[in-house]
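Welcome! Take a look at it first, and then read on.

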Amino acid sequence: MTKIQRDYVTPKWLKIKAMYEKGTNGSSEYGENFPIGGELDKLCDEFVDLTGILTQRFGYNCKIEGIKMDLWKERIWNLIENAGLLMPLPRHMENKEEILTDENIEEIVDEIVELGPTEEDIQMIDELIPELEESFMEELKTEEEE
């Protein structure tokens with residue numbers, strides 16, 4: 001049996017996890033545990049972008065480095081939430097009964113998209129795709145051989 005190399009996504013996750021464990025103060029309140037825009041926040045953003053790209057490229061039910069995509073997403077979501085990096089819902093969305101209308105949709109979309117990826121983020125991710133595809137295809141081939 002060939003050992004699967006965990007050479008890209010796993011090390012990124014382990015770095016994020018170690019940074020969280022070393023620096024947490026236990027608060028999950030927005031901005032009170034780790035600085036918004038700080039190193040952990042940026043690493044988490046990159047990881048979320050990466051999982052999105054991998055999901056688009058290989059499907060929601062794929063395995064990356066032997067781990068289901070859902071688990072990668074659950075891990076990063078929980079860490080972001082526990083680190084206090086998850087922005088609270090906009091006031092107009094706190095009332096769950098509110099219905100999106102033509103009048104408020106533009107405002108809501110603007111709020112959600114406000115901090116989208118930069119050109120740098122997109123370029124970095126585009127450069128990583130061939131490497132990730134190669135790693136994924138090697139892993140897939142290994143699984144098929146087993």
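Predicted model: local features only at pLDDT ≥ 70, side-chain atom pairs only at ≥ 80, totals over all residues.

**The chain as a whole**
- Of the 146 residues in the chain, 32% count as buried.
- If you take the contacts between residues at least 6 apart in sequence, 70% of them join residues at least 24 apart.

**The nonpolar core**
- The largest nonpolar core is made of 24 residues.
- V9, I16, L40, C44, I64 and W72 are the residues with the most contacts inside this core.
- Three helices, α1 (9-23), α2 (39-58) and α3 (69-82), each supply at least two residues of the core.
- Helix α2 gives the largest share, with seven residues.
- Leaving aside residues up to four places away in sequence, W72 touches V9, T10, W13, F47, T51, I64, E65 and I67.

**How α2 and α3 pack**
- Two packed helices are described by the angle between their axes and the distance between the axes.
- Here, the axes of α2 and α3 come within 10 Å and cross at roughly 155 degrees.
- Angles over 145 degrees count as roughly antiparallel, so α2 is roughly antiparallel to α3.
- The crossing of α2 and α3 is left-handed.
- On the α2 side, the residues that meet α3 are L40, C44, F47, V48, T51, L54 and T55.
- Their counterparts in α3 are M69, W72, K73, I76, L79 and I80.

**T10 and E65, a polar pair**
- T10 lies in helix α1, while the place of E65 is in the loop between β1 (63-64) and β2 (67-68).
- The side chains of T10 and E65 make a polar contact with each other, at 2.6 Å.
- Are these two residues buried or exposed? Buried means under 20% relative accessible area, so T10 counts as buried at 12%, and E65 counts as buried at 2%.
- Not counting residues up to four places away in sequence, T10 touches E65 and W72. W72 in turn has both T10 and E65 among the residues it touches.

- Most residues other than glycine have a negative phi.
- E65 is not a glycine, yet it has a positive phi of about 55 degrees.

How values were computed
Residues numbered from 1 in each chain as written. Heavy atoms only, no water. Core = buried A, V, L, I, M, F, W, Y, C linked by side-chain atoms within 4.5 Å. Buried < 20%, exposed > 50% of the residue type's maximum accessible area, 1.4 Å probe, protein only. Helix = DSSP H or I, 4+ residues; strand = E, 2+ residues; numbered from the N terminus. Contact = heavy atoms within 4.5 Å. Polar contact = N/O pair within 3.5 Å; in protein donor to acceptor, adjacent residues only side chain to side chain. Axes fitted to C-alpha atoms, helices over the stretch in contact; angles between N-to-C directions. Parallel < 35°, antiparallel > 145°, perpendicular 65-115°, else oblique. Left-handed = near helix turned anticlockwise from the far one by under 90°.
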